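Subject: Structure handover, salt bridges

Hello,

Please find the structure below. My notes on its salt bridges follow.

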Amino acid sequence: MIPTPISVSFKLDDGREISIETGKLARQADGSVVVRMGNAVLLATVVANTEPKPGQSFFPLTVDYQEKFASAGRIPGSFFKREGRLSDYEILISRLIDRALRPLFPDDYYCEVQVLVTLISSDPEVMPDSLACLAASAALAVSDVPIQEIISEVRVARINGQYVINPYRSQLAEADMDFIIAATEKNIMMVEGEAKECQEADVVKAIEIGHEAIRAQIKAQADLRDKKGVTGKREFALPYKNEELAQHVAKFASEKILAVAKAALGKHERGDAFKAIRKEFDETVTANENGTFSAAGFAAELKAEDLALLGNIFHDLEKEIIRNMMLDERVRLDGRGLEDVRVLTMETNILPSPHGSALFTRGETQSLTTVTLGTKEDELLIESAATSDYTKFILHYNFPPFSTGEVKPMRGPGRREVGHGNLAKRSLYQMMPKGESWPYTTRVVSDILESNGSSSMATVCAGSLALMDAGVPMPKHVSGVAMGLISGHQKFAILTDILGDEDHLGDMDFKVTGTRDGICGIQMDIKVDGLSMDIMMQALEQARRGRLHILDAMYQCIPEPRAELKPHAPRIEQINIDREFIGAVIGPGGKIIQEIQRETGTTISIEEINDRGEVKIFSANKEGIDKALAWIKGIVAVPEVGETYEGVVKGIQPFGAFVEFLPGKQGLLHISEVSWSRLNSLEGVLKEGDKIKIKLIGTDPKTGKLRLSRKALMPKPEGYVEPEKRERPEGGDRGPRDDRRGGDRGDRGPRRDDRRGGNDRGPRNDRGPREDRPRREHDNANEQPQAEQPAQQPDNDADLAL
């Protein structure tokens with residue numbers, strides 16, 4: 001029997017209610033909750049092993065977010081018709097949860113933890129990513145898994161100047177700021193989002209508003225925990241430590257490590273120097289006969305498990321010495337000041353075949369970025385349970401192992417690559433042309449060739465340069481810079497353009513992208529408690545100065561987009577047609593459009609938008625585009641009387657020729673309209689396949705068929721006399737019908753049989769077979785005498801044939 005579930009609820013500022021329930025679903029998990037908002041329902045579970053794996057030296061946390069297609073009443077579109085690996089969209093939400101939760105576990109906790117969040121019912125207006133971390137944190141709160149604090153996330157969007165918490169999906173389309181913010185009761189832990197060139201003060205205000213909303217959600221989770229009766233967290237075995245050995249290593253290596261840290265060495269040289277110090281210490285350790293070890297200057301014997309600690313001991317010592325150096329001496333590992341940006345080198349158009357390319361180098365970080373322009377058929381489908389949308393802007397970030405001098409298997413992009421690429425994409429998208437002004441599908445690919453920090457920001461800079469090199473009409477450059485923070489001993493140091501080691505050793509990783517006029521993207525991860533808003537504002541202002549410094553160099557490299565696309569880049573022509581012509585352009589079963597594409601070497605897409613047909617013609621060959629454009633214009637053109645056209649003779653008849661002057665449109669060129677000279681036939685004058693110029697002179701009032709003239713475009717011969725037109729009397733002057741026939745019907749004699757010569761032929765029924773009847777002269781109309789034709793005038797218009 002399922003016990004009565006425990007639940008709490010709270011309301012957002014606009015009155016919408018969110019409920020959290022536990023005790024009904026997934027009861028064998030260490031913790032499980034169901035979060036509801038509207039029709040959206042998320043199930044979150046957490047399970048943790050009770051013991052770490054032997055030799056475990058790091059915290060193995062796994063967070064997976066997944067949307068069940070059944071939640072929206074849909075069947076997955078894959079071959080197997082089931083959910084498979086996580087999509088990029090689901091990976092990004094998983095990262096939002098992971099980055100917020102990970103710093104809250106104890107440093108010495110090495111048991112494997114798995115957090116799963118599943119969307120089991122979807123609401124088209126509720127964005128589930130803003131509820132996912134709330135669900136995960138609530139599951140941890142009602143469990144005994146030893147997380148140190150309760151946390152939650154909210155979305156903050158600015159819509160028409162107003163900050164809105166967790167807006168509806170339809171509202172978000174109007175937002176100029178969109179941030180996801182995670183926080184504990186006291187501290188901001190994670191921020192990620194995008195904006196249309198907002199100011200630094202706007203970011204701080206959004207964070208403050210989000211933090212206030214998060215406090216209400218944390219209180220609801222605490223109430224749920226108390227209702228369930230959770231009073232503490234499980235005990236776990238602390239890993240073995242040897243403080244005496246750590247002190248001995250510090251005495252041996254501290255000065256040596258500080259000397260290397262101050263030497264301003266390169267990444268690999270510095271790493272080799274630290275390894276040499278470790279090797280020097282290892283040489284002081286000798287093995288004893290009893291299986292123990294001794295270290296020179298260290299009185300106690302060492303065991304094998306002590307030697308296994310040396311890696312972490314040296315790592316922690318290096319971290320402490322370098323952090324103190326930066327705080328006390330304001331000097332960094334590569335010798336720069338706190339605000340200095342590494343040396344910048346930029347080139348565009350470095351590859352001959354891509355539609356756009358750029359090489360961006362900042363210190364030991366390098367990105368080779370290319371741009372490819374495509375058609376509507378190249379758009380990327382982004383599918384979730386509630387939505388299925390296409391995007392015309394794609395950015396892929398690749399991080400091969402050689403970029404850090406390592407050997408690793410190539411297994412496709414990981415979560416890190418997906419996250420870094422998404423930040424760059426969101427930043428550059430703010431400056432991409434929208435709507436019909438840019439009909440191309442645009443793909444940006446960043447290949448990181450070297451990496452020592454800020455490779456995602458190098459992608460933003462290189463992407464902006466490559467897009468302008470491709471001729472994409474971006475109004476402004478977008479650059480990015482990664483910021484760091486070192487804090488301790490009542491001091492702090494904000495670092496601009498951090499190295500990889502500074503990222504690893506620091507307390508904050510803060511990436512900011514934008515133009516000269518404002519912020520376009522932010523990604524922030526905070527690893528310590530107590531980051532004040534004053535420090536955050538200083539970091540934002542310092543990031544602005546670094547961003548402007550990089551932008552100045554980018555504008556010197558390429559100040560504006562190229563005026564024209566490169567010669568080998570594809571072109572797109574676009575026309576709008578009336579919706580009733582869409583079928584005519586496509587043709588039965590696509591016959592017409594396929595023929596156009598085949599004959600012109602183009603790619604054509606047709607889409608109905610706002611009761612109009614939008615036709616896009618794509619090709620790298622301008623001649624093919626022009627031919628296809630003319631073809632389509634001909635199909636949709638409405639013939640106008642008095643206009644001149646070029647046509648092709650499709651058929652010859654005794655009375656004239658049928659001419660196709662627009663695709664699918666034919667008219668009759670009567671023999672009398674071929675030439676000013678009278679023609680008995682068209683033999684020798686026109687033949688099928690001839691191209692001629694004709695004029696549309698009207699339509700037949702009875703049939704509606706189009707009437708064409710060729711002679712209307714020819715000069716009238718000198719002395720030409722228009723033939724006389726016989727005038728018929730007006731209907732009122734023609735007299736009675738009987739008078740026009742020669743008197744009354746009664747004066748015409750007997751009936752028809754008598755007028756034919758009396759009754760000699762007998763009644764009709766007695767006339768016998770037709771072949772036996774006497775035949776009247778000229779009874780067959782074909783035997784009537786032909787009127788003699790006047791002499792043919794010489795044909796003097798052969799030189800006018802086309």
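R99, D129, R155, D178, E192, E194, R426 and D525 are joined in one network of salt bridges (a side-chain nitrogen of Lys or Arg within 4 Å of a carboxyl oxygen of Asp or Glu). The structure has 53 salt bridges. This is a predicted model, in which local features need pLDDT of at least 70 and side-chain atom pairs count only at pLDDT 80 or more, while totals for chains, interfaces and linings use all residues. Residues are numbered from 1 along each chain as its sequence is written, and side-chain values use heavy atoms, with hydrogens and water left out.

Helices (H or I, at least four residues) and strands (E, at least two) are DSSP runs, numbered from the N terminus.

R323 and D507 form a salt bridge with an N to O distance of 3.0 Å. R323 sits in helix α8 (residues 310-329) and D507 in the loop between α11 (500-505) and β23 (508-514), 184 residues apart. R323 is buried at 14% relative accessible area, and D507 is buried at 6% (buried is under 20%, exposed over 50%, partly exposed in between; 1.4 Å probe, protein chains only).

R74 pairs with E383, the closest N and O atoms being 2.5 Å apart. R74 is in the loop between β5 (61-67) and α1 (88-101), and E383 is in strand β17 (residues 380-383), 309 residues apart. R74 is partly exposed at 26% relative accessibility, as is E383 at 29%.

K241 and D108 form a salt bridge, with 3.5 Å between the closest N and O atoms.

Regards
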